[in-house]
Each structure stands twice: as C-alpha cells, then as structure tokens.
Amino acid sequence: MLQHSWVILLLPLVGTAVISILGRYLSKLATSLVACGVVGLAFLGTVAAAVQLEGLPPRLQAVQEVLFRWIVSGPLHISFGLLVDPISLLFMLVITGVGFLIHVYSVGYMGEDKNFRLYFAYLNLFIFTMLLLVMANNFLWLLVGWGGVGLASYLLIGFWYERPSAVAAAIKAFVMNVIGDVGIFLAIFLIYLSFHSVSYNRVFHLAYTHPAAAGVMTAITLLLLLGAVAKSAQLPLHTWLFDAMEGPTPVSALIHAATMVTAGVYLVARCYPLYHLSPTGATAVAVVGGASALLAATIGTAQTDIKRALAASTMSQIGYMIMAVGLGMYAAGLFHFLTHAFFKALLFMAAGNIIHALGGEQDLRKMGGLAKRLPVTYWSFLAGTLAISGIPGFSGFFSKDELLGQTLNRGHVVLWAVGVAAAFLTAFYMFRMFFLAFSGSYRGEVHPHGEAPRVMLVPTVILAVLAVVGGYLVLPGVWDLIGNFLAPAFSHWHGGAGAVGNPHHVNWLSMGISVLLALAGFGVAYQVYHRRAWQPAPWPFLSQLLYRKYYFDELYDAVFVRPAVRLGAVFGAVADRLVIDGGVMGLARGVRTLGNGLVFLQSGYVRRYALTIALGAAAILAYYVFWA
Amino acid sequence: MGWLLLAAVGLPLAGAPVSALLGRRPAAPRWPALVTSLGSLALSVAAALTFRGGQPGMQLVSRLNWIPALGIRLHLGVDGISLPLLLMTAFLAATTVLASWGVRRRSGEYFFWLQLLSVGMLGVFTALDLFVFFFFFELALIPMYFLIGLWGGPRKDYAAMKFLLYTGLGSIVMFLAFLVLRFYGGTFDLLTLEHTRFPVPVQLAVFAALFLAWAVKTPVVPLHTWLPDAHVEAPTPASMLLAGVLLKMGTYGLLRISLGIFPALFHAFAPVLAVLAVVNILYGALLAMAQTDLKGLVAYASISSMGYILLGAAAGTGLALEGAVLQMVAHGLVAALLFLAAGDIHELAGTRAIPALGGLLTRAPTLAWLSLLGALCYLGLPGLAVFAAEFPIFLGSFAAFPTYTVLAAAGIVLTAGYLLWTAQRILFGPGREAALLPALGGMRLLPLALLAASLVAVGVYPTVWYHLIGPAVHLLAWGGGAR
C-alpha cells in the first residue's frame, strides 16, 4: 500500500464521481454503501501503509511517489507527487478513520434529507481534498488540497442552501479562507524565489544548505501562519467557525472539529524546518495559539447554542495545538490533535443525537433533563466532557498535560499560565453545557423523541471508547507510542530536535495544578448549573461581550466589508458613469454635433457602412501609394 | 503544412455566404456555421498536433502574395504564443455556434456575421503581416458591431455605437502606427520589423499609438467603459466571443507587436504597465461588486481579470509571460462560460437583475452547478484553469514587483467575495416565483458542459499548454529573478 498510496487518495474521489454521476440510479442504501465503503477501504489502506512504514528503518520512513508533471516550464518543475511519512500517516488515519465513523453516522442523521446523495458526494469530496492536503509532497499541491477543503467546507456549510443564514455562513467561511490561501500563495512565491523549488524535500534541504535572509524566512513563516490561522479558525480570522455551525452536525464533527480545522497544525508541523529557522515566526505561532485558546474558552462560557459552544471549544483546543507546534513540541501538538479528533467528533455526534431527538433544537436553554431520555448519548457526552476537561484517566488529560508540562519545562511560564487558565474555563464551560443539557428538568416545548437510531449510536459509542482510551498511547513516565511513531519524521531535516518530548521527564507540578483547576471548573459549573433552571448571567455587559464573541463580526463588517461594497458602488455611480464615461461620451456628442458623419454611420445600413470602410481604406492606400 | 492555417481561417469565410443564402429557412443557416466551425476546430487541432512543441519560432508558415504592389502578403504562421489562442478561439467559435442554436430571427444574417467574425478572430492570431493583421482585426470588429446592433438588448444602438467609436478609434491609431512602421521599416512583415531599428522618436510615437490601441481593446482602465455596455446589450454568443476572444486581441497585440518590435521600450514601460494592471484588477473587482446586472458583473470581472494578463506581461519574466498567455486562454474559456450561463439564466428567469433572481439550484440544478464551477474557476480555485495560469503569473511577477503582486493578490479576495456573494443571491436561497420556465434541455447545456470540461482539463494538466507556450515566450522574457 505504501508504494501505491495514490489508491488511498483516489478512493474517495471515485466515491464522489460514482455518486454524482450515477446518483439518480442509486438507492439510498447503495449510496451509503458506496460513500462509506470507499472511506472504509481508504482507512484499511492507510492502516496497511502504516504497518508497512513501521517496518522500515527510521531514515526511510518517508515514501515519495511522483505521479505526473503539472507544470514544466523553463526552470519551474512542479510535479504531482505524494509523500507518506509518519506526520501524513497520522492525519490520514484520523481523516479516514474518524471520517468513516462520521460517514456511517451521517447515514442516519441525513437519512430524511432530500439531497441525501449530494451530501455524500460532498462528504467524499471533502475526504479526497483533505487527503490531498496532507499527502501532497510539495507546497503547490498542498495549496490545491487547501483550496479544495475550503470548497468542500463551503458546499457543506451551505448545504441547506434554502436557509439564507447557512449560505451567508458558507460565504464568510470561504472568503476568510481565501485570505489564508493568499497568505500561502505569497509564501510559496517567497519560497520559490529563495529556493527555486516548491517541493518539501528540496526546500527543507536548501533552507539549511543555502539559507535565505532571516527576514525572508520570517516573512515565509508568517505568511504560512496566515494560512494556518484562517483554516484553523485562530485569531484574528476565527469568526467564520461559529457561523459554520449552520452546516449539518456530522459536517461540524468531521470538518469543523476533527480534521479540516487542524490543517493549520499540519502545516506548521510539516514546515518545522522553516519554523526552526525563524524564531520570530515560531513565536508568533505560539502566541496566536495561546491567545486563541484563552479567548475562545471565555467565549465558550457564554454561548447558548450547543454547537456554537462546541465551536468555541474547538477553536480553543486547536489553540493549544498551534501553541504546541509553535513552541516546537510537535509530538505533543499532534498527540492533542489525535485525542481531540476523538473527543470533539464524539461531542459533536452526541450533540447531533440531542438535536435529532429535539427536532432540530440547538438552544441549551431549551434542553435539560435529557439524561434519562437519551442514556447512551448521556454517557457518551459525559465521556467526551471528561476527556476534553482533562480529568485524569481520560484521553484529553494525557495529551493536554503532556503539552502543558512540556511548555513549563521549556520555561514558557506565561503561555503555560494561559493554557492552564484556559483549562479551567474549558472544564467550566463543558460541564455547564453538560448540566444544561442533561441535568434538571426538560425546559423545551417540543416533545423529545427517544434515542437516535443504531446507525448513529454505534459510531458515537466507538468514539466514546476512543475518547477514553486514546490517551494511553502516551503514559507519562512509562511509554510514548506517539513520540516513537512520529520521531522518524522529525529526523529527516534539520530543526526537528526536541520535537518529541522526553517521556520520563514528567512535570508533576503542571499536572497537579491543571488537574486541580479542571476540578475547580467542574465544581463551579456544578454549583451554578446542576439541576438549576436557566438563568441569565449576573454581569450583563460581560456576558453580552462574550456572547457576541468580542464583537469581531461587527468590527470586520464595519471596517472591511461595508467599505469595500460602498467603494464599489461609489466608483460605479460616480467615477465610471459620470467622470470617465461622461467625459468620453461628451466628446463623442461634441463630435456628432460638429458633423453628420456619425449619424451617417449609425444608420445601420450595411451598404453604407461597407462603402465608408472601402472608401476610407482606398483613400488611405491611394495616399500611401502616391506618397511613397 | 502551411495550408492548415489558411484552411482553418478561410473555412468560415466559405460558410458565411452559404448561411446568408439559406436565410429563408430560419433553422437552416446554423448548419453551415456548425460545419465550418467544427472544421476550423479540427484544422486547428491538426495544426497543434503537427506543431513541434518545445521549439521557439514560427511554424506552419504560409506566404501568398496578396497586394504585390504594396508588398503585402498573406503571411500566416503560429508559434507557442499564438497557437494556444488559435485553439481557444476555434473551440469558442464552435461552442458559440452551439450556444446560438436557437437563433431564428434573421438567422441567415446572424450566422453570416458570426462566421465572418470567426475569420477575423482566427486570422488575427495567425497573421504575420501587419496589414493582414489590421485586416483581420477590423474583420472581427464589424461583425461584432452588427451582432450587437441587430440582435442586442434594449440599448443596443447606444452600445453598438459606443463599441464602434472606441474600438474604431483604436483601429485608426493602430493603422497609422502601422503605416509609420512601413515607412521606416520598408515592409509590413512582422518578422522583419522585429529586427529593424527605428529612430527613437518614431519608436516612442508608434509605441504610444499602439499601446492606446491595445488599451482600448483589452481594455485598460480608464478606456474600458465601452465594454460593460457592449456586454450587457450584446446577444449571449457575441458576449462570449467579445470577452473570450476579442479582449485577447489587445493583450496579444501587446505581446506580439509592441513587445516583439520594441523590446527595449517595453521594458522601460513595464513599471507603468504594472501599475495599470493593478488598477485594472482592483477597480474592475470593486465595480463588479456593485453590479446588479449579471452580465455587467461578468463584464467588470473581465476587466479585473485582464489585469492579471497585463501584470504578467509587465513582469516580463519567462514564468509570468507564460502564465499571461495561458491566462488569455483560461480567461477566454471561463468568461465565455459565465456569459453563456448569464444568458441562460436570463432566458430561464426572464431577468438578469441579480436582486430579482434566487434559488436557481432547485429549479435548474445542472445550469447552477456548471455556473458555480465557472465562478470557482474564476476566483482561482486551485486545480482549475485560472489557477494554473495565475500561479505562474504571480510567481513570476512577485520577483519583479512584490508590492504590486501583493496588491493584485488582494484582488483574489475581492473576486472570491463578489462571486460567491452573487452565487448566494442567484443560485442558493429560496426560489423566486418570477421564474417559471422549465429547465433547459440537454442541447442547451452542451456548450456549457464543454466549457466546464475544458476548465477542468486545463487546470489539472496545464503542462501540455506550457510545453507549447514556454519556448516562444522565453525568447521575449527579460525579467530576472524567477525567470
């Protein structure tokens, strides 16, 4: 499989093609089988590739495969090639594995939708483009995948296109992502100018043998960060993620939690040799991540929509990962990516079960008392909540503490404090959500249905199990399977030193404090929300500020969107119509009043026109002949 | 093999009178047009297959004496710059005939003009003699005037007149410039003139005159206002060719004649051209955002896109020039698709006013999807044709003009914004009751589907095009850096 990894990439594309071309002849069952089948097969292929790769000596654990030449022009050679190494494999496993579970879950969740086939065509397209993003062996095809996941995300956020809010959200997501795309676009230009190549291998190699100026490296890494920030919904391009919740919930689970939004983490991890060369760029990454983690966590405390609250937590958790990779703790960041994929996909699926049972209701204020009605969902959501809150024994605890402990070990006290504060808030808002949904008595109007069908529950439970046990891949002081798996990828090029932490160097102080704060967060949430009716927050200004997400949307609208539209309108009305056009047409009118030639031309008779042309041409030629 | 080009250019000339004579039966004149356009396409493809890629210089050259007294020869030939444009033109001419399949009113005249237009367009990209070039240039202008003036929308007279005034002015200036070149160079032969040295004042005057001619045609802001009017009023197939091919005559002339004959002047002028390019990109995008007429939107979007070609030309690195040539092809295809889609939407819904449209996706899904594909290509989605062209342009121009390139890249964000905003308003959302007509049949969707397929093909595998373009363009390149 390792030598033919293009099969893994192509399978979901085949699914898209089959469903969109033969869609009308396929039953819903057949569509489901095709869509889930191709992703399931891709997962099995990825597992096989992972096993093969593990069998290779570490220095050979980066398998490249060039498929065709995209542009060959003078000095520019860009091929379409794939790279399979531990970093891409980890992402591929999550994309196809979690992706498969979410495909299965979608069969139930989208079962009644009139555009069932279209949905699966999109979802397979997303898997294809996401695999392309992580499997490409050069920056250009990374960008192709990067744009492709943006497209799939756009289509799926706006899937219920008859809702204006969904379509507006889709556009917002796409445009903000295009800003990020432009960042990567420009980064690629600088990379090409500096190293005359866009392939990872050559660029990462030349970055050390023929270093570019420090300023150039900083510009490259900051521009890449711009792309990462847009895709991973980090400050200041984070606002689209909340609106993206307009999409179907399995989409939120897959694209806006488990996979696509972590592409920024992938990008920084993939480019570690570049970030190693630019301490400024790396610091910026870490600071953006830390700030996003904390800011999003505060936003999460005030949301009333269950999916928007989860979106805030996604932004916050990705903030942790971005901070980790910015600090060079690549294994820790990627480990958190893995556990987050489990528990956040789980939380979204459980939320989807609730929304399914309540006939589309997403407002936490209209939930409550669902524990008895939805027992499986209750236990699953609890597992996810415990995991994300960092309660010992659950997966999030291992990955978050690995991450925070290393941050403190490396002496980044401020970022560590930010991370710990966010951990407290995380436990608070997650249990707030949990209590509002499940404890107390039911506050909604619609009569809740029972538990979701089995096709939705089974994937939920599988992820619940993973959310609990997934953390034991790294047991502090004992083993570090993730680090061992990833280590070869960080030995190919310079700059990977320290990517994998020392498993025997456990920071018990950090662990103790963050566990205590997580428990404190749980305690506060328990006091305020357990078995209580909904009550507005006592500080209206603050809660409104948080609920409105610090008014970023309003700010961007006032500063960027409306002026651009207005500028266009002004140019259209004044500059184009009056000044330029008026001037030119005024001239024409002047000419017309002077002579009758133009009126004659305008008569529309072919003969006259032809005659004029002929006479004119003849006159010019005659003049020329005699003159010469 | 020189006859290939002669035949490709001449075939529609033979078909035009046949169409005109068949005019009594409204459904008949389209058939000669279909036959000649497919014939031209087949001959152009044959020319491309005969063409030895990877080599600079003219191939498939033919020279026939035309006006011996003046030394004017029907001198045709193609190189890596003109061949892609020839292919694109022949392809668009054929799709345009398909898009005109339903024309019944004065159809004899209609297909007469349409085929004459094809002769002009195909001729411009193969002419190697300035007089012949001018002849074909005019031959493309006049049929377009009639297509707009006779089959156009409510303000067709105004639009056709304005089109004729502007481009006619450009033509006069161009012709005078050619006469001056003939006087000092002793010939109209382009390849000879490329090796002729002219006195500096002559160079300056001719260069300025020629640039004015190209600037009107391209169009370069502020000489662009004929374009939105012409587009809005023109019948759909004429819009397709106007945006797809006629605008490219300006940028083609810029590269082939201005850069070919006056390289040193062109290099000196490049920084100015870069500024004009950026103005085009941003101004066009901002105005596109403000349009309420769908065709007006695509018209201003075209002004914006032509800016990327100018930017590539100004940068002058091999890469940027290659991208500029491919962008001519890519924009030709995608603009034709969007104008066709706008025309179909108009026909379906009875209006092109964006605020009055909505929910097209439910009513006409295939049309909606193909339009969306066009819009995505237009905004430079990686993997589609425009990206394959813009990427080298930016890569090349970034070396020469980093600031302008960053500004131009901002145009991409604006483009994504207004195109998706438009798609939101007309494709998505709840359906409007105004539109009641049934969805278009398969025959109507065929040209749209062909264009969409071409966008994917060029985007996924542009190497074949660059293989053609590269060697010819590298002869003209002068910029350093990412050469």
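The structure is a predicted model. Chain A contains 26 helices and four strands. Of its 628 residues, 60% are buried. The chain exposes about 22,700 Å², and carbon and sulfur atoms supply 69% of that area. Among contacts in chain A between residues at least 6 apart in sequence, 80% join residues at least 24 apart.

Helix α6 of chain A, covering residues 164-195, may be taken next. This helix has 32 residues and reaches 46 Å from its first C-alpha to its last, close to the 46 Å expected at 1.5 Å a residue. Because 25 of the 32 residues of α6(A) are buried, the helix is largely enclosed by the rest of the structure. His196(A) follows α6(A) and has a positive phi, near 55 degrees.

Attention now turns to charged side chains. Side chains of opposite charge can pair when their charged atoms come close. Over all chains, the count comes to ten salt bridges. In one of them, Asp85(A) pairs with Arg270(A), and the closest N and O atoms are 2.9 Å apart. This pair links distant parts of the chain: Asp85(A) lies in the loop between β2 (76-84) and α3 (86-109), whereas Arg270(A) belongs to helix α11 (residues 263-270), 185 residues apart. Asp85(A) has a relative accessibility of 0% and therefore counts as buried. Arg270(A) is buried as well, with a relative accessible area of 1%.

The side chains of Asp79(B) and Arg256(B) meet in a salt bridge with an N to O distance of 2.5 Å. Here too, distant parts of the chain are linked: Arg256(B) is in helix α10 (residues 236-261) and Asp79(B) is in the loop between β2 (72-78) and α3 (82-99), 177 residues apart. Both Arg256(B) and Asp79(B) are buried.

Another salt bridge in chain B joins Arg155(B) to Glu233(B), whose closest N and O atoms are 4.0 Å apart. Arg155(B) lies in the loop between α5 (130-151) and α6 (156-185) and Glu233(B) in helix α9 (residues 226-233), so the pair ties together parts that are 78 residues apart in sequence. Arg155(B) is partly exposed, at 41% relative accessible area, whereas Glu233(B), at 6% relative accessibility, counts as buried. Through salt bridges that share partners, Arg155(B) and Glu233(B) are joined with Lys162(B) and Asp229(B) into one network.

Note on methods. Residues are numbered from 1 along each chain as its sequence is written. Chains are lettered from A and ligands numbered from 1 in the order in which they are written. This is a predicted model: local features need pLDDT of at least 70, side-chain atom pairs count only at pLDDT 80 or more; totals for chains, interfaces and linings use all residues. Side-chain values use heavy atoms; hydrogens and water are left out. Helices (H or I, at least four residues) and strands (E, at least two) are DSSP runs, numbered from the N terminus. Buried means under 20% relative accessible area, exposed over 50%, partly exposed in between (1.4 Å probe, protein chains only). Contact means heavy atoms within 4.5 Å. Accessible areas come from the Shrake-Rupley method with a 1.4 Å probe; for residues, only the protein chains shown count as cover. The expected span of a helix is 1.5 Å times one less than its number of residues.
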